[in-house]
Amino acid sequence: MASFSKKIKRIGVYTSGGDAPGMNAAIRAVVRVSIAQNLEVYGITAGYLGMLENEMNPLQLRDMANIIQRGGTILKTARSTEMMKPEGRTKAATNLKNLGIDALVCIGGDGSFRGAHALWEEHQIPIVGVPGTIDNDIFGSDKTIGFDTAVNTALEAIDRIRDTAASHDRLFIVEVMGRNSGFIASYVGLAGGAEEIFTPENVASVDKSIERIKESIRRGKTSSILITAEGQKPGRAYDLADAIRKKSGMDAKVCILGHQQRGGSPTAADRILASRMGAAAVDALMHGQCDIMIGTEGERLVQVPLDLVTKNEKKTQMDLLSLASVLAT
């Protein structure tokens with residue numbers, strides 16, 4: 001955790017990386033709390049790309065009207081390879097300083113925080129991170145903005161698929177998002193009563209999964225739902241379906257939920273979390289604290305050094321997977 005003594009007059013806020021439901025609620029909190037503290041706020045369009053291209057504009061109270069219920073991000077988001085280079089970060093820092101932006105609030109995930117940490121270390125721009133990603137894979141925070149909405153979106157789809165699976169006595173493999181994280185898969189699998197959950201941290205054996213399905217059939221169960229995280233690339237579910245067909249002869253239908261998990265109106269939990277985190281980020285900057293992320297520990301907000309956030313990996317809760325396996329028998 002770092003500190004600074006410069007008086008803040010103008011804050012920049014941006015969203016970076018993948019969009020997540022609730023990002024707009026976080027932006028709204030940053031803007032309204034900042035203005036309540038007599039600070040000016042600039043919205044940076046498309047994350048780091050906006051810094052590089054000078055796409056930064058003042059935000060007023062009226063700009064925040066009717067955005068808390070909207071998915072996505074009104075500030076847009078993009079990925080920037082130029083910010084991975086020192087010269088790119090120097091250009092961004094110069095643009096920020098020329099505009100008189102004294103501090104930043106970064107709403108994003110792990111990659112976004114790496115850029116934020118570098119801006120502080122290399123150019124002494126005070127910055128506070130707010131974790132916004134549906135993957136829930138940010139070290140130092142129990143929950144991230146967008147995760148609850150993504151889980152509920154996926155769960156609603158899986159409940160509908162189970163109706164079809166039961167009607168036709170079928171096996172379905174449902175692929176959810178999560179990249180290298182199994183949080184969405186494990187939560188959805190447990191809440192949706194899945195017979196098997198495949199995650200990067202829990203590489204379940206196809207042979208054992210087939211045996212579990214056959215055992216459930218012998219007990220009278222006529223349909224099954226398997227959940228898999230997408231892994232490095234979407235389409236993992238097709239590989240699993242093919243392996244199951246070749247090993248057992250069972251026909252597994254595939255449903256890839258994809259980017260619909262990122263969209264839609266955020267849940268109440270995500271709106272509240274985003275509002276609290278956005279407000280806490282501004283408060284931290286007002287108290288001279290920076291190079292940190294606002295995270296959660298239970299219901300409590302905590303401050304975690306960005307250096308720790310970017311150097312550590314958050315693991316899926318294996319107890320959830322164990323419980324899901326017991327309850328699916």
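Predicted model: local features only at pLDDT ≥ 70, side-chain atom pairs only at ≥ 80, totals over all residues.
Local features were considered only at pLDDT of at least 70 and side-chain atom pairs only at pLDDT 80 or more, whereas totals for chains, interfaces and linings use all residues. Residues are numbered from 1 along each chain as its sequence is written, and side-chain values rest on heavy atoms, with hydrogens and water left out.

A pair of aromatic rings is described by the distance of the centres and the angle of the planes. Rings of Phe, Tyr and Trp (its six-membered ring) were paired if their centres lie within 6.5 Å; planes under 30 degrees apart count as stacked, over 60 as edge-to-face and the rest as tilted. A search of the whole structure gave three aromatic pairs. In one of them, Phe147 and Tyr187, the ring centres are 4.9 Å apart and the planes stand at 85°, so the pair is edge-to-face. Phe147 belongs to helix H5 (residues 147–168) and Tyr187 to helix H6 (residues 183–191), so the pair ties together parts that are 40 residues apart in sequence. Helices (H or I, at least four residues) and strands (E, at least two) are DSSP runs, numbered from the N terminus. Phe147 is buried at 2% relative accessible area, while Tyr187 is partly exposed at 23%. Here buried means under 20% relative accessible area, exposed over 50%, and partly exposed in between (1.4 Å probe, protein chains only). Phe147 and Tyr187 also form one aromatic cluster with Phe183.

Side chains of opposite charge can pair when their charged atoms come close. With a salt bridge taken as a side-chain nitrogen of Lys or Arg within 4 Å of a carboxyl oxygen of Asp or Glu, the count is 18. Lys6 is exposed, at 53% relative accessible area, whereas Asp102 is buried, at 12%.

Other salt bridges lie within a helix. Glu156 and Arg160 pair at 2.9 Å between the closest N and O atoms; the two are four residues apart in helix H5, a separation of about one helical turn. Glu156 is partly exposed at 45% relative accessibility, and Arg160 is exposed at 56%. Asp242 and Arg245 meet at 2.6 Å, N to O, and are three residues apart in helix H8 (residues 236–248), again about one helical turn. Asp242 is partly exposed at 28%, as is Arg245 at 43%. Salt bridges with shared partners also join Arg162, Glu195 and Lys221 into one network.

Ile138 is found in the loop between strand S6 (127–131) and H5 and is buried, at 1% relative accessibility. The C-alpha atoms of Ile138 and Lys314 are 6.1 Å apart in space, although the two residues are 176 apart in sequence.
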